[in-house]
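The sequence and structure are shown first.

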Amino acid sequence: MQSVRFAGAALAAIPLALGALTSQSSAQEPSPSPSGTSGTFGSGCSALSQKADTAKDKVVDAAAAYPQLSQLVSAAVRAHLTDTLNGKSDITVFAPDNDAFKKVTASQLSSLLSNEGQLKKVLSYHVVDKKITPDQLSNGSFTTVEGGKLTTSGSGSDFKVNGKASIVCGNIKAANATIYVVDSVLQPPS
């Protein structure tokens, strides 16, 4: 019933109040290269405040432990994706943080949140139905749950998704997923 508790808390966060969020980013030195390591990496990891160890939690519950992912969790609840995502095995989620949602205009976000089908399509584009390791990010091409292609590129601890979104914290473990926090909401191909 833990996911129900998080889902209820996430529903309380809707509607998303973009203007009320405060940025928690700070200038940090990048972490060492993720190659060959099993830990998290990225300059934004230190800015992610975590409420608990998430390695034993399903992906939506794990994301709910990070206040900086509250808008993503709220959107997943609104799109009725919680059970679907928590029910999958060995998935990878490119999770837009709250700052990523600030880059979307209020009218675009309102339109997206009022259209469950479109919201589900956009959120499913952030999910790959296989485990992606940090070593696979340097020149990756992956098919998303939505059906579109997503690419990753970079090296060390500096990676991009689709050439635009930066991975600010990567390789966060959940019971059924690996989470890479990104600084932009990804859009599926038209």
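In this predicted model, V161 has a relative accessibility of 0% and therefore counts as buried. The residue belongs to strand β5, which spans residues 158-161. Leaving aside residues up to four places away in sequence, V161 is in contact with F94, L150, T151, T152, I167, V182 and L186. For L186, which is 25 residues from V161 along the chain, the C-alpha to C-alpha separation is 8.4 Å.

**Aromatic pairs**

Three aromatic pairs are present in the structure.

| Pair | Centre to centre | Angle between planes | Geometry |
|---|---|---|---|
| F41 and F159 | 5.7 Å | 70 degrees | edge-to-face |
| F41 and Y180 | 6.3 Å | 55 degrees | tilted |

F41 is located in the loop between α1 (2-12) and α2 (59-64), whereas F159 is in strand β5, so their pair ties together parts that are 118 residues apart in sequence. F41 counts as buried because its relative accessibility is 0%. F159, with a relative accessible area of 3%, is buried as well.

The pair of F41 and Y180 has an angle of 55 degrees between its ring planes, so it is classed as tilted. Y180 lies in strand β7 (residues 177-182) and F41 in the loop between α1 and α2, so this pair ties together parts that are 139 residues apart in sequence. Both of these residues, F41 and Y180, are buried. Taken with F94, the residues F41, F159 and Y180 form a cluster linked by ring pairs. F94 is also one of the residues that V161 touches.

**The cavity and its lining**

Where does the model leave enclosed space? Rolling a probe the size of a water molecule over the atoms shows where empty space is left. The count comes to one cavity of 30 Å³ or more. The largest cavity holds about 150 Å³ of space. Its lining consists of 15 residues, and those nearest the centre of the cavity are V60, L72, A76, L85 and V93. At least two lining residues come from each of α2, α3 (70-78), β1 (91-96) and α7 (116-124).

**Helix α7**

Helix α7, one of the elements that supply the lining, has L119, V122, L123 and S124 as buried residues. An α-helix has 3.6 residues a turn, so residues three or four places apart point the same way. The buried residues of α7 pack against α3, α6 (106-113) and β2 (127-128).

**Overall architecture**

Seven helices and seven strands make up the secondary structure of the protein. In sequence order, these elements follow the pattern α-α-α-α-β-α-α-α-β-β-β-β-β-β. The protein has 190 residues, of which 48% count as buried. Among contacts between residues at least 6 apart in sequence, 66% join residues at least 24 apart. The accessible surface of the protein is about 9,000 Å², and carbon and sulfur atoms account for 51% of this area.

Definitions and conventions. Residues are numbered from 1 along each chain as its sequence is written. This is a predicted model: local features need pLDDT of at least 70, side-chain atom pairs count only at pLDDT 80 or more; totals for chains, interfaces and linings use all residues. Side-chain values use heavy atoms; hydrogens and water are left out. Helices (H or I, at least four residues) and strands (E, at least two) are DSSP runs, numbered from the N terminus. Buried means under 20% relative accessible area, exposed over 50%, partly exposed in between (1.4 Å probe, protein chains only). Contact means heavy atoms within 4.5 Å. Rings of Phe, Tyr and Trp (its six-membered ring) pair if their centres lie within 6.5 Å; planes under 30 degrees apart count as stacked, over 60 as edge-to-face and the rest as tilted. On a 1 Å grid over the protein atoms alone, a cavity is a set of points where a 1.4 Å probe fits but cannot get out, and a pocket is an open set with protein on both sides within 12 Å along at least five of seven lines; lining residues have an atom within 4 Å of a point. Grid points are joined across faces, edges and corners, and a volume is the space filled by probe spheres set on the points. Accessible areas come from the Shrake-Rupley method with a 1.4 Å probe; for residues, only the protein chains shown count as cover.
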